[in-house]
Amino acid sequence: MRIDEVELRLVELPYRTPFKTSFSSEEGKVAIIVTVRSQGVEGYGEGTMDPFPFYREECTVGAWHLLQHAFAPDLLQHGCEHPSELGARWARWRGNPMAKSALEAAVWDCYARQLGVPLRTLLGGDRTEIPVGASLGMSSIPETVENVARHVAQGYKRVKLKIEPGWDVELLSAVRADFPDIELTVDANSAYTLADVDTLRAIDEFGLHYIEQPLHWDDMVEHAQLATMIRTELCLDETLTSPVRVRDALDMKACSVVNVKVARVGGVQSVREIHELCVSRNVPMWCGGMLETGVGRSLNIHLATMPGFVFPGDTASASRTYARDIVEQRLEATNGIMPVPEGAGTGVTLDRPFLDEVTTKTEVVRA
Ligand code: OSB
Ligand code: MG
């Protein structure tokens, strides 16, 4: 493929309500929306790094810099035979998976649109709909119980609660009192240490499907230790930044469930490799989210159609997060089932007037 143009847009989109986790409270999304143009066809990708590195190390200005001055010029100069090559080609620029993923995903989308096929078809995803859960931000205990009730009533297949030290056992007792049988998980976003093992053992009593990233955001060694100390399955999120990291984590038994986020692992090709690995080892995977706009959310939905994504993911209805999205399609789940957007590529089209309204900076890179 020859790529004619890469457009970077900085987009700022308010959340309907702030999203609070153990690592931050965010009022809205700051995303880099990447468009690639090739022979009259466009493809889109979303950069999910944040302005400040509270989740992983990448940040918006760093990603913008690398996209503008490294990855986009390389893509414009050399094009590609197939989008699966790009990750390996860009490996000489170390790390920065989220920045790479934003552009690589746009090329995949463009490639699928040129072929006139849904992206999921290129990924081997036969499903036209996927089961989804929802990730609830922190609020008070009564508000959380009410929030769980609302999502259960809406038919979400799994509910995930954000926890941190001091915000765990009491919360879980309250939720389990009303909902003893729902599929329930927790996500600590690295808020605990091994010194908290007593609390983590107490959490064993709530019959959780798994605990997501309890310990340090780059750790495998202590997670592997923790896995021998508690009964609840461990799922890693932050730690898993590449296919090699996933293989290492599985080899050392640091987790038994894998949260896949395309941006964190470096792109669509990395997701395919992780998928192959997890399927071959019978390790359950699910598709995580970063409160993406419709650009990133639609990609997540396509990825989650691959057969190894056996647990419900975080790709819930866009309207939970945004009053208005930057894509024209409404990405809405009904009874916990998210339909895959139809049409070529990720199947979404941009709401251009609204996108222009929420764009705060634009850069077009040409060959
Ligand atoms: O840890 O999964 C996480 C959002 C931003 C950053 C990290 C995480 C999350 C979520 C929300 O849990 C997932 C979503 O609804 O997209
Ligand atoms: Mg997480």
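Rings of Phe, Tyr and Trp (the six-membered ring in the last case) are taken as a pair if their centres lie within 6.5 Å. In this predicted model, a search of the whole structure finds 7 aromatic pairs. One of these is formed by Y15 and Y322, whose centres are 5.8 Å apart and whose planes make an angle of 50°, a tilted arrangement. Y15 and Y322 are both buried.

A further pair consists of F71 and W93, with ring centres separated by 5.4 Å; the planes stand at 75°, so the arrangement is edge-to-face, the cut-off for this class being over 60 degrees. Distant parts of the chain are again linked, as F71 is in helix α1 (residues 60-78) and W93 is in the loop between α2 (86-89) and α3 (97-115), 22 residues apart. F71 has a relative accessible area of 0% and is therefore buried. W93, in contrast, has a relative accessibility of 24% and so counts as partly exposed, since buried requires under 20%. Through ring pairs, F71 and W93 join W90 in a cluster.

Charged side chains also sit over aromatic rings. The ring of W93, already part of the cluster with F71 and W90, has the charged end of R92 over it, at 4.0 Å from the ring centre. In a second case, the charged end of R158 is placed over the ring of W286, with 4.9 Å to the ring centre.

Key. Residues numbered from 1 in each chain as written. Chains lettered and ligands numbered in written order. Predicted model: local features only at pLDDT ≥ 70, side-chain atom pairs only at ≥ 80, totals over all residues. Heavy atoms only, no water. Phe/Tyr/Trp six-rings, centres within 6.5 Å; stacked < 30°, edge-to-face > 60°. Buried < 20%, exposed > 50% of the residue type's maximum accessible area, 1.4 Å probe, protein only. Helix = DSSP H or I, 4+ residues; strand = E, 2+ residues; numbered from the N terminus. Lys NZ or Arg CZ within 6 Å of the ring centre and 35° of its normal.
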